[in-house]
Amino acid sequence: MAEEPSPEAVSQFVERFAGVLANSGVPTMSARVMGAMLVSPTGTMTAAELAESLKISQPAVSGAVRQLLQVSFISRERLPGSRKDHYRIREDVFAAILERRNLALSEWESTSRSGAALFAADSPVARRLTEAADFFAFIHSDMEQMIKNWRADHPG
């Protein structure tokens, strides 16, 4: 069994992880909150704990938490005997992230197809937009199946 990592190593990991998420479109503060919650032993943290852990202000935590709640990546709960809200990271958060991205692929496909329909079918623009739509449809279908397979292999 590996020994416990130092707080500095954990902090560096959280920042590295947040950077990867931010580079793929997750807002920076939300990415940092997700990273902190991932390394929390219980998977739950209060706003005060998040602010202290990440060395950020309560309003920054509030905005990040609000955004993560809106997209259902975390949930808010009250633990017995506590007056504070505790935020819990969703167990299948990464599948949920990819599901949201996959919905975007579906929108990209339909928008590309509607754009292609504006032009003559044999025009370079229509061919380009149709190829884009076909690509998005292909990726969407594969991603949807991969998420289903993942969930079948990892229930709960």
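These questions and answers look at aromatic rings and one annotated span in a predicted model.

Residues are numbered from 1 along each chain as its sequence is written. In this predicted model, local features need pLDDT of at least 70 and side-chain atom pairs pLDDT 80 or more, while totals for chains, interfaces and linings use all residues, and side-chain values use heavy atoms, without hydrogens and water.

Student: What kind of aromatic pair do Phe 13 and Phe 17 form?
Tutor: Rings of Phe, Tyr and Trp (its six-membered ring) pair if their centres lie within 6.5 Å; planes under 30 degrees apart are stacked, over 60 edge-to-face, the rest tilted. The structure holds four such pairs. Here the centres are 5.7 Å apart, with 35 degrees between the planes. The pair is tilted.

Student: Why are Phe 13 and Phe 17 separated by about one helical turn?
Tutor: Both sit in helix H1, residues 7–23. Helices are DSSP runs (H or I, at least four residues), numbered from the N terminus.

Student: How far apart in the chain are Phe 17 and Phe 94?
Tutor: Their rings form an edge-to-face pair, 6.0 Å centre to centre, with 80 degrees between the planes. Phe 17 is in helix H1 and Phe 94 in helix H5, residues 93–116. This pair links distant parts of the chain, 77 residues apart.

Student: Is Phe 94 buried, exposed or partly exposed?
Tutor: Buried means under 20% relative accessible area, exposed over 50%, partly exposed in between (1.4 Å probe, protein chains only). Phe 94 has 37%, so Phe 94 is partly exposed.

Notes: Helix = DSSP H or I, 4+ residues; strand = E, 2+ residues; numbered from the N terminus.
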